[in-house]
Amino acid sequence: MREDLTEKDVYTRQLLEKYCQWISRIEQVDQIEVELTVNEMKTKLPEADSVLHGRVLQEIGNLHEKVTEMQRMSEHMKILHDLSHTFAMTFDVNQILWKAFELVSRVMRADAFFIAFLNEGDSEFQIPISVESGVNYGPYTIPYGQGLVTKVIESGETIHLRTMSDEPSEIEIIRWGREEVDTNTCLFVPLMLGKQVIGVISVQSYKEFAYKQDDEELLKIIGFQVASAVENARLYERLYQMSFQDELTGLSNYRAFHRDLEQLMTEGRPIALIMLDSDSLKTVNDRYGHHLGDELIRRVADAMRAVAEDGDTTYRYAGDEFMLLSPNATLEEAKKKACAIRDYLEEFPLIQEDACIPITVSVGIACYPSDANTGDGLKRAADEALYRSKRNGKNCTTVYAVG
């Protein structure tokens, strides 16, 4: 039997089909289209039907907002997961900051973005990354006391400018990047490390009212992660550098010696190696105690620092054994340095109560590439020359090539 449909029936069926389509792609529903449909129903449906359809459309709108919010939260969680993963894999500060920018850009407009740090006692902000329209204008500095960055540091509070009409006239606004185009929405969030504010993270948009409350909250979380990751990276760098430094003397240690020697040889530069060893550490330890033995070691280190010239590096290699690497030095120059070390120690003996304790060292010198063509070979050559000095009565210098 043929179905006879009234105009109302056809319109109702079209509406139902439209609603089915909307529900099937609820995350893509256009709220403006929904509002237009509501207004259209008021002219084409009886009031009771129009009200009922309006309620259905309201629920569709609510469902769209919930699904959109869930998707947004899901993306936020993924961002935070990706940040945590990145920060766990690197101690490179630049990589940390760029990753933060990339991930922030995925979830909110980031026409401009920067991160500023203020170290305790500094009079300037350090801004290692400042991106606008994809171009990094950092690193650079700005004076402390200027702009909204200072206000965030001093208050520890987020500043959210939804439109430039919110911009405080009494604050000097610092521009960077594309100065001919102003950003209209700005978020300035403090970088918190515990209760201490160490900097500011900011994201900005050319559009007005570009950010919501959850953008602000997400940027706070990202800022906390960035602050923690940067602090960990700085701590790692300090520990890494400490692993190349001798604690007692402040000289570089044996790890640094092998690292630096390899680097110098890679550069193909001639090198003079001065190796020296205390002649009396055991005697001083046995007679006066280890505290004075430590003082003896520090005095030898002082002598090496006093003699070292630009480009030279000094090392406490082990115990009372020391090294001095002098790139491009001639053999005669190396011999003069060794003599200067021994002269310094003669001029500054140890004093214990009324006793004057002389400090002498035995020295061996070898040169690269004339005496050896590898790092280990150069060290063995200098060590052999040092051993000859010990056999020859100590307190003298022996050159490997001469014997």
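Analyst: Happy to! Let's begin with a term: buried means under 20% relative accessible area, exposed means over 50%, and partly exposed is in between, using a 1.4 Å probe and protein chains only. Buried residues make up 43% of the 403 residues in the protein chain.

User: Where do these values come from?
Analyst: This is a predicted model, where local features need pLDDT of at least 70, side-chain atom pairs count only at pLDDT 80 or more, and totals for chains, interfaces and linings use all residues. Residues are numbered from 1 along each chain as its sequence is written, and side-chain values use heavy atoms, leaving out hydrogens and water.

User: How many helices and strands does the protein chain have?
Analyst: There are 11 helices and 14 strands. These are DSSP runs numbered from the N terminus: helices are H or I with at least four residues, strands are E with at least two.

User: And what does the C-alpha trace span?
Analyst: About 125 × 55 × 45 Å along its principal axes.

User: Let's switch to helices. At what angle do α4 and α6 pack?
Analyst: Helix α4 (residues 93–107) and helix α6 (residues 213–242) pack at about 170°, with axes 10 Å apart. Axes are lines fitted to C-alpha atoms, for helices over the stretch in contact, and angles run from 0 to 180 degrees between N-to-C directions. Angles under 35 degrees count as roughly parallel, over 145 as roughly antiparallel, 65 to 115 as roughly perpendicular and the rest as oblique. So α4 and α6 are roughly antiparallel to each other.

User: Which residues make the contact?
Analyst: Contact means heavy atoms within 4.5 Å. Among those involved are I96, L97 and V104 of α4, and D215, L218 and I222 of α6.

User: What about α9 and α10, how do they cross?
Analyst: The axes of helix α9 (residues 290–307) and helix α10 (residues 331–347) come within 9 Å and cross at roughly 135°, so α9 and α10 are oblique to each other. Residues meeting there include R299, D302 and M304 in α9, and K337, I341 and Y344 in α10.

User: One more: is T314 buried or exposed?
Analyst: T314 is buried, with a relative accessible area of 12%. T314 lies in strand β9 (residues 313–318).

User: What is T314 in contact with?
Analyst: Leaving aside neighbours within four places in sequence, T314 is in contact with L251, S252, M304, A308, M323 and L324.
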